[in-house]
Amino acid sequence: MPRLSALRQRFEQIFNETDEALRVFFAPGRVNLIGEHTDFTGGYVLPAALTYGTWAVVRRRKDRKFRLASTSFDERVEFDATGLDYRGEDGWANYPKGVIREFDQLGIRLSGCDMLFDGNIPKAAGLSSSASLEMVTAFALQQLENIDQSLLELTQLAQRAENQFVGVNCGIMDQFASGMGKAGHALLLKCDSLIYRHVPLSFGDYQLVLTNSNKQRSLTESKYNQRRQECEAGAIALLKYLPYVSCLGDVTLEQWKTVHKKIRTPEIHKRLDHVVHENARVLTSTLALEAGDIKTFGQTMIKSHESLRDLYEVTGLELDTLFDQARQVVGCLGTRMTGAGFGGCTVSLVHEKAVGDFKAQVTQGYQAKTGLTPTFYKGESGDGTREILGR
Ligand code: GLA
């Protein structure tokens with residue numbers, strides 16, 4: 001594995017040679033197939049872990065110091081177990097630092113380590129590079145120090161790091177998909193109970209194509225948090241009329257039909273309308289995939305994008321243009337934005353013989369309308385967080 005030997009060499013250049021064993025861990029990014037902005041409502045999501053991700057080469061220390069470096073960023077960050085504060089100048093390293101602090105909050109005394117990170121997830125593309133950085137850190141530390149935490153608990157710990165340390169009020173989907181993904185499968189997850197099952201992905205002659213809008217994302221975090229607050233306010237108002245329902249993610253289409261008129265603020269009504277229908281779409285999609293009915297899955301993807309555009313309002317010119325262009329390509333069964341929105345990627349289901357035309361047509365139409373050039377990646381599903389080499 002040439003990448004790994006180059007990484008080990010780089011590690012020794014940065015942190016000095018050593019006889020001590022180095023261990024290498026990997027955590028993937030994810031693509032969400034459907035179920036957008038439903039995780040923090042306790043609803044359903046259907047993401048898949050990708051083959052792209054973040055590697056960490058790690059060596060244990062005994063002096064409670066942490067030294068972090070990355071092949072993608074210049075900042076090297078060093079701190080000890082008493083200096084676990086968020087610092088703007090630490091940049092990317094706040095993600096692993098936040099994870100280290102979460103272990104510390106649990107009363108776990110870490111002995112310290114040197115870590116070199118390397119990754120191949122396109123940045124700011126909405127494919128969860130931050131969740132994979134958090135998950136690879138959490139898993140590496142858990143393995144290195146034999147910490148009694150399951151992989152599932154580590155996904156929750158990584159989410160807390162992002163919520164409380166980095167300050168993004170995300171749901172559990174990204175960390176969960178990165179942790180628990182399985183090659184050849186998506187993952188149907190109910191986000192309040194964390195009950196999940198792997199759903200086989202067999203697209204036959206079709207494949208998933210990821211299209212990066214290459215739009216510089218702005219306002220993503222503040223708008224994300226704002227939408228989440230709107231859903232939370234809406235849920236409080238709505239659940240007064242549904243006393244036996246414990247979260248917005250459990251509201252069925254029938255229940256929504258009977259009570260939706262009680263929600264009089266148009267903005268809030270639209271947000272809830274999206275969430276309730278999107279949850280139903282996740283279940284429709286899962287059943288369709290399990291039945292090998294990829295046509296229905298594709299149509300459901302399209303409805304999801306339209307709802308994110310018209311009701312949840314998180315798409316924007318770039319993602320909508322990619323969507324409109326992709327829909328016109330013969331051989332594209334379905335397409336939608338994936339992730340938080342406002343930029344990042346779309347995911348499309350395209351016949352393998354039409355992939356060339358897809359790329360050409362989408363590029364042409366997208367450039368003409370936005371002046372930007374999209375980038376394409378094959379959306380291959382991969383395994384979740386794991387050790388690659390060690391011990
Ligand atoms: C981001 C968040 C997730 C989820 C999606 C939208 O990726 O990190 O928790 O809310 O947006 O579905």
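The shell around the ligand in this predicted model divides into five nonpolar, three polar and four charged residues (Ala, Val, Leu, Ile, Met, Phe, Trp, Tyr, Cys and Pro count as nonpolar, Asp, Glu, Lys and Arg as charged, the others, Gly among them, as polar). The residues surrounding the ligand include Arg 30, Glu 36, Cys 170, Met 173 and Gly 339 (a heavy atom within 4 Å).

Local features need pLDDT of at least 70 and side-chain atom pairs 80 or more, while totals for chains, interfaces and linings use all residues of the predicted model. Numbering runs from 1 along each chain, and side-chain values use heavy atoms, without hydrogens and water.

A polar side-chain atom of Asp 39 lies 2.5 Å from a ligand oxygen. For Tyr 224, a polar side-chain atom is 2.6 Å from a ligand oxygen. His 37 contributes a polar backbone atom at 2.7 Å. Alone, the ligand exposes 310 Å², of which the protein buries 93% (Shrake-Rupley method, 1.4 Å probe).

Twelve aromatic pairs are counted (Phe, Tyr or six-membered Trp rings, centres within 6.5 Å; planes under 30 degrees apart are stacked, over 60 edge-to-face, the rest tilted). The ring centres of Phe 40 and Tyr 224 are 5.7 Å apart and their planes stand at 75°, so this pair is edge-to-face.

Definitions and conventions
Polar contact = N/O pair within 3.5 Å; in protein donor to acceptor, adjacent residues only side chain to side chain.
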